[in-house]
Amino acid sequence: YSWHVMGGSNFYYIICYTLTSPTMVPLLIVPMKYYAATLGLMIVAIAVLMFISMSYYLTHRVSKARLNKNQPEVLLFGMAYGLLPAFVAMSGYYPYLGVFVLVPILILGLERFVANLGWRMYFITLALIMFFNFYIGGIVCIFTVLYYLTLSFKNAKEFFVKSLKIIIMSIMALGVASVLLIPVAFIAFNGGYGFSEYLGFGFFQEWFAVLEQALMFNDIVLSGSDYTNYWESNLYVGILIEILALTYFFNKSIRLNVRFRKLIVFVIMLFTLNESTFNYVMHMFHYTVSNPNRQTILFLFYMIIMAQESFTLYKENSYVLSKVRVIIAVALMIVVDIGAVVTTVGDANINMYLYSFDFMLLYGVLLFLKNRFKSKETFAITLTVILILEMGWNYTTLFGHFENAKKVCLVTDKLVERIYGGDNEAALGQEIEVNVGGTYHTYYIVGVYEYVQEQFSFGVSD
């Protein structure tokens, strides 16, 4: 490598950032001609492992929301985690993916520790995560702290004692991975790798533009449409999951102080998607210049947990109270849908709003009619099948976007000044011929960055 920034100029940094993940092992073994096929198979295998780890978490929880292995909800919520479009977007950053297989196990270990059921699961999993990828591991650590604050304790003394123990365990787990972390930290702090200038408090975009990304048929965000679009993310997790997650906050079967703490963390995670300070801290004092909002999968994992807990209690609650929660949750989703339509300017994908609205009404009706089903299992199976169809339909549109994808590139402001008179806006979306390996290819300009002597001047996609 000849880059003078990023990780390319230091091979140890690159090794720790990518090659320590076990997901890279098959790619280091197979011949280059099988590389693409192996990568595709590994991505599918990791998605399956995410489903398995989420299912294990759901069936081994220590709370009342624990599921039996034969319940259809295991498939419902496990599949929601394994088939996240955010996972598809993250597949462009392949070494990260193994971390998300371990996240449910880490949270299970945390819950077991708080319930006095042992510390080994949390300790070992955290150490492995930091080995797999120290950067995403740091983001997971921040999320783990937030999730810890939502757990229940007998009294303040127990909270502080266990907090001290969890801090000691976490430091020990980081110590196990220190053979990688200490040299990397030395390189990062002395070489300036990855650090960004803080932009100050403020929102990147209107909130409806952010929330509409939770609707169906959104274009998947692989690298962001521009280097400054830090707010873009892949928030879709299934309309049913989103409705059920919202019902959690109105479920009186859950103690008020627990719901309040869950709501606080939910709002904080939302702010990390669109507010400069929260986003900066969540990304380890850094703004991501590609694949924005890398904490999105953690936020969606959090939503799936709330949805599962609410649904498990929902099946047992009184019919009248359940209807009220469903009305409020569906109404909030419809507000997001309509608000996004009203505030959207330009060539909006109208199907995104219409079909999302249709599924909101469909799930609302089905949740209303829960007592009309032959059994609770039939009710859960029906919702599972419909969610599979919904997410499958959504995926067919994603594949269509990939088939019609354009090759894109980033250019320096010097090139823009020479060709477009320094007008960055005029340059965006324009075609440019790029010589790649002796052959000219057409690329579309999607971003402009400041030229710095001896840095690379082009960035192109496949």
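Contact here means heavy atoms within 4.5 Å. With that in hand, here are the views, all taken from a predicted model.

**View 1. Threonine 38 and the residues it touches.** Leaving aside residues up to four places away in sequence, threonine 38 touches Pro26, Leu27 and Val30. Threonine 38 itself sits in helix 3, which covers residues 35–59.

**View 2. Threonine 38 reaches a backbone oxygen.** Look for the side chain of threonine 38 here: one of its polar atoms lies 2.7 Å from the backbone oxygen of tyrosine 34. Is threonine 38 buried or exposed? Its relative accessibility is 14%, and buried means under 20%, so threonine 38 counts as buried.

**View 3. Helix 15 from end to end.** This helix takes in residues 296–314, 19 residues in total. What span should we expect for helix 15? At 1.5 Å a residue it should come to 27 Å, and the end C-alpha atoms are 26 Å apart, which agrees.

View 4. Count the buried residues in helix 15 and you get 18 of the 19, so the helix is largely enclosed by the rest of the structure.

**View 5. Stepping back to the whole chain.** Zoomed out, the chain shows 20 helices and 4 strands. It has 462 residues, and 49% of them count as buried. Take the contacts between residues at least 6 apart in sequence: 74% of these join residues at least 24 apart.

Note on methods: Residues are numbered from 1 along each chain as its sequence is written. This is a predicted model: local features need pLDDT of at least 70, side-chain atom pairs count only at pLDDT 80 or more; totals for chains, interfaces and linings use all residues. Side-chain values use heavy atoms; hydrogens and water are left out. Helices (H or I, at least four residues) and strands (E, at least two) are DSSP runs, numbered from the N terminus. The expected span of a helix is 1.5 Å times one less than its number of residues. Buried means under 20% relative accessible area, exposed over 50%, partly exposed in between (1.4 Å probe, protein chains only). A polar contact is a pair of N or O atoms within 3.5 Å; within protein, one must be able to donate a hydrogen and the other to accept it, and residues adjacent in sequence count only if both atoms are side-chain atoms.
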